[in-house]
Amino acid sequence: MKLAVDIGGTFTDVVLETPSGSASIKVLTTHDAPEKGVFQGIDQLLNKIDAHARDVDLVIHGTTLATNALIERKGARIALITTDGFRDSLEIAHEHRFEQYDLYMERPEPLVPRDLRLTVPERIAADGEVLKELDELAVHNLIPALEHAEIESVAICLLHSYINSAHEQHVANILSTALPGLVITQSSEVCPEIREYERMSTSCANAYIQPLMSRYLHKLECGLAENGFTCPLLLMMSSGGVTTVKTAAREPIRLVESGPAGGVIFSQRIAAECGVKQALSLDMGGTTAKLTFIDDLKPQYSRTFEVARQYRFLKGSGLPIRIPVIDMLEIGAGGGSIARVDELGRITVGPDSAGSTPGPACYDMGGIEPTMTDADVVLGRIDPNNFAGGKIALKADRAKTAIDDVLGQRLLLDSLISAAGITEIVDETMASAVRVHAVESGKDTTNRTLIVMGGAAPLHCARLAEKLDINHIIVPVGAGVGSAYGFLSAPIAYEVVRTRLIRLNEIDPQSLSLMFAEMRAEAEAVVRLGAPEAEVIETREAFMRYRGQGHEITVNLPSEMYDETIGSTMHELFEKHYTQLFNRSIPGLEIEALTWTLNLSTTPQPTATPVLLEPQSQIISNGSRQLFDPGIEETVDAIVYAREDLTADTEILGPAIIIESETTTVVPTKFNAKVNKAGHLILTSQ
Amino acid sequence: MKPSSMREIRLQVLWNRLLSVVEEQAQTLIRTSFSTAAREAGDVSAGVFGIDGKMIAQAVTGTAGHVNSMARAVGHFLEEFPITSMQPGDVYITNDPWKGTGHLHDVTVVSPTYKNENPVALFASTTHLVDIGGHGMSPDSRQVFHEGLYIPILPLMQKGKINEWLMKLIRQNVREPIQVEGDLYALIACNDKGSSRLLSMMDEYDLSDLNELSAYIIEHSHRGITEAINALPQGSWKHSMRIDGYDEPIDLVGEVTIANGKVTVDYTGSSPISSFGINCPLCYTEAYTAFAVKCLAAPTIPNNAGTLKAVIVKAPERTIVNAPPPCAVAARSTIGHMLPDVVFGCLHQALPNTLPAEGTSNLWNVRLAAGHGITGSAGTAFNLTLFHSGGVGARPHQDGLSATPFPSGVKNVPVEISEAITPIVIWRKDFRIDSGGPGAHRGGLGQTMEITNREEAPFGIHAVFERIKFPPQGRDGGSAGMAGKLRLGSGVKLKGKGFQVIPNGESLIIEMPGGGGFGYPITRNPLSVEKDVRQQLVSQNKAKTIYRVAFHDDLSIDAKRTAALRAKTTE
């Protein structure tokens, strides 16, 4: 039996996978002591299905704790130690105004204030040569300042340490000898990559959350033991792999955004099960929509993302973090997104959300601004009497009033058209963001299968699909706790990175092979902690570009010992990939590789399809309902079904509405729906 | 029943879609560009036009230099090659500074889009090339002919076939032929991308032309910006600002008139044209003027033909802001980047407590070069541009941003990257203490950089730096930011403009200006002064003499002495 626990902003989800099926439970997240909610949830779930802690073979855990500490600035008091002359790199950032026309823009405060950004005389050149020896005395002289400021954790980030870490190591040694209680993050370990600002930002973020995270992980481990668990505990990472508590406590920055990563792994698993080659994963809840491309069962990866965006969702307004992550496009669009009319009379929706309090106007809890959920109620997509399994009674008239007040009167439109305007703008905004993201990633949206989860996604996925030229949609079973399900099928994995600027015509196969051998050993040491015996897969990537370009593209390299043909092999691989992305290669230009990664991962375990053990709440079918279909711009008569009543191979013609306790699937006129053997709903464009 | 008002919703959705089409077009260009200016500074633009030449949508990119100038460019193409003479698969090109975006490095490419053999739209895009031959980006040129290859409006592709003769001519005239050719193909490809996206949108919504959509967008934008301008105080205000210039100071004089839904900016009284490459063609003057007005009046209204006519720019010919051919214009941003400060100076009189104080405004881009014919043959030859910025002016309720470009939207290049591709070493890049102009709200700080060559060889700098003689001024009692400085490590002063050599073994020290302050420094909250002192952004000495705040030994505020100091100065 495997147990997965996902701590989210509102709920903590617990899923137990047994040989005969799986069960899940949602409890409220206990923000002051998150482990409490975890133990409550586990306890309730085990009791409910009469299982025992001692029978659980593995616990996999993901949490938003690390992300929240960064967003809410609730981490440790830290200092940064860097090369003389570079204390301000952390604050100068990219010297960029991310909002072109905003005279009052502010950049995010750096994690370390200027007086705690300390420097030491030393200098290493871009090729690793020492230009100036480290001044040891200067390092010793920093100790009183660190003590006086009661620094718990420090980040050390010296220039060019990604190629020669000797000085960083030396500083770390001196400090750890003098101050044994001090937690130290070395940039050359957490993020050995060129680009000083990103490396500094990543190291500081790691140092900032490390004391908090290692305390939490310790409490969790002890608590599990006290509750009778004897099995190992693994942590979900932002890369979609899992790792041991030891690694997680050392590099907690790798745990950021692990919950959403679990969601993508869930989609990946559904794609594998349904034989989908090219998928687009959509997770849409109350506040945001998150989208990821999955090609040949591999989610799109990235080595860079931003946390805590100051101007919500605006690129450049957050703290850059360079770690292996599943590439997620995050859009401020969800059930609670607020609709307004701008100065040009254009409808805008989000990115701000009414959240759960006061919530959408139809919750009748004090919210007066119209939201996407209000529009869905007015359009007939949500049955006000059957929302969340009938647990929350919605007031349709409140939704209508809010929409009329804000949109209708200003644009002289009736409620229905105004509501259609809101959902059309939301769906168009998402579609546009996906299209632009596809261009940035060199991908296409056509012919993909959309795999959805989260309460708001099944209401909107069909219209989004139409806009993206997508013909197939899967609404899986268990989509409400998708992330936790995803944890269960995540491999034990670790990724190691190096920066070496190498021109292909000067490549040395021996030293390249040696570098990868070292990287493999490093990754293996981490992976074997969690998977001593298991079979592992190694993947290598090079981030390459034409000399003179600023953006690299990712090229997969063979995992083998290299000989003198590697230069020409890489040349070929690069040109092939470049042509795929940009339709042409450029003959005669030199090619270089800047960054190299090696990922070591256990082979994915085939897991049983979630078959729910718990009984579903009772849903009454209403026969039929009036539904506005923006695809054909008409109000239609939609038949209402309860999802639990649908048996395998049932076929439903649109327009229809399929209700379950956590969400509602809208099947527009141009679609039909079918339940497959596993119980997943498959929507197909007619 | 089909409700007729769905038309309104459909048009709004299509407008959104069109903005995403041009965004995809711009992203395609940035991803495939070779020029650092294009990909790091976002010095590109992309837009879609009606076949009448009216701009319908433009991507939001990192440069203000293409606001309006891009919108006008397509009109010039259509004058030369009317739409009826164009054919599917055609692409046209120019780098005419007066018909495009102000200097030879910016090349504009226009491609018509056809649906069922009928022209339905034109896509245009602009990028900053790595090189265009001649003196290049240096302000040392005396005429446009020194500055590189000048390409009139010509076909770059005809019926899908590349104009090989023109390509050959371009390749022969530039220092980086492969990269330049790559950038031209990137322009063609991004227009293609936009075109194919537009056609699939038209298919999805069953449109045979863009007439209704274009009219809707232009009309709504026009109405929006007119309303925004009408909401501003009406009247005329004048302001003058003096800047360093190349060989002699330059006065930029502006008069802003707000009336009848339009903002007119008249630069009569500004200095005459220069004999060096810092002259500004009118199209570029218009771009930065319109940008300034938009920041204030309509930051969220998209640029298109409907907003184009809201800002009218007038400048007598042969002034520095309306330099005709054959004036040298390569460093036209020296003037262009200063214009928002002139416009804000006028508008501050109409709208107090709204606009920022003057800032560094010009980019402090560090252009380094070494090699044969430049610094001699010792050492590795290289050519490197680093994008860096001084401080921005303080805002009425906020301090100015430090080391940040305004009005430009550039991003810097990491020190580690610059050092990896050239033999230079940057020993220092940090805030310049006390450089932020004192005020109730402090100007942003400039930064100091120290640069050497690792090799036993000299290197050169193409200096184009402003605000060395005349620093950015404060507003409403705020003081000026600290002036910029350029010198050798040994102390020898360097000129702010023109090519100079840093001898073997010497270091180059660049001290960038700080932004002006806003409001009287003695009214600054002592706690903010304390924070600045603790952070070493302001020295204790300046805190005492200028801000009139006294400290105990542990850097906590000495309230009694502070009160006494401040009482004395207000007497």
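In chain A, 11 residues of domain 1 are in contact with eight residues of domain 3, where contact means that the C-beta atoms of two residues, placed from the backbone, lie within 7 Å. On the side of domain 1 of chain A that touches domain 3 of chain A, β1 (2–7), β2 (11–18) and β3 (21–28) of chain A each supply at least two residues. Helices and strands here are DSSP runs, H or I of at least four residues for helices and E of at least two for strands, numbered from the N terminus. By class, this side of domain 1 has four nonpolar, two polar and five charged residues; Ala, Val, Leu, Ile, Met, Phe, Trp, Tyr, Cys and Pro count as nonpolar, Asp, Glu, Lys and Arg as charged, and the others, Gly among them, as polar. The centres of domain 1 and domain 3 of chain A, taken over C-alpha atoms, are separated by 24 Å.

The model is predicted, with local features needing pLDDT of at least 70 and side-chain atom pairs counting only at pLDDT 80 or more, while totals for chains, interfaces and linings use all residues. Residues are numbered from 1 along each chain as its sequence is written, and chains are lettered from A and ligands numbered from 1 in the order in which they are written.

Chain A is divided into domain 1 (1–46), domain 2 (57–256), domain 3 (262–488 + 674–686) and domain 4 (493–602), with bounds that come from an automatic or database domain assignment. Chain A also holds an open sheet of four strands in the order β25-β28-β26-β27, with antiparallel pairing; two strands pair if DSSP finds at least two bridges between them. At the edges, each pairing on one side only, are β25 (493–503) and β27 (553–557) of chain A. Neighbouring strands of the sheet are turned by 25° against each other on average, direction ignored. Helix α15 (residues 509–530) of chain A packs on this sheet and touches β25, β26 and β28 (591–602) of chain A, its direction making about 165° with that of β25(A). Such directions follow lines fitted to C-alpha atoms, for helices over the stretch in contact, and angles run from 0 to 180 degrees between N-to-C directions. Strand β26 (residues 536–546) of chain A pairs with β27(A) in the antiparallel sense over five bridges, and A:Ala542 stands opposite A:Val555 in β27(A).

Turning to the two chains, 63 residues of chain A are in contact with 67 residues of chain B. Elements of chain A that each supply at least two residues of this side are α3 (89–92), α7 (196–226), α12 (415–441) and β30 (634–642). The largest share, 12 residues, comes from α12(A). By class, the side of chain A that touches chain B has 25 nonpolar, 17 polar and 21 charged residues.

The axes of α12(A) and helix α1 (residues 6–32) of chain B come within 9 Å and cross at roughly 10°. That angle makes α12(A) roughly parallel to α1(B), a term used for angles under 35 degrees. Among the residues that meet are A:Ile417, A:Glu424 and A:Arg435 in α12(A) and B:Met6, B:Val13 and B:Arg31 in α1(B). This helix contact has eight nonpolar, eight polar and eight charged residues.

Key:
Parallel < 35°, antiparallel > 145°, perpendicular 65-115°, else oblique.
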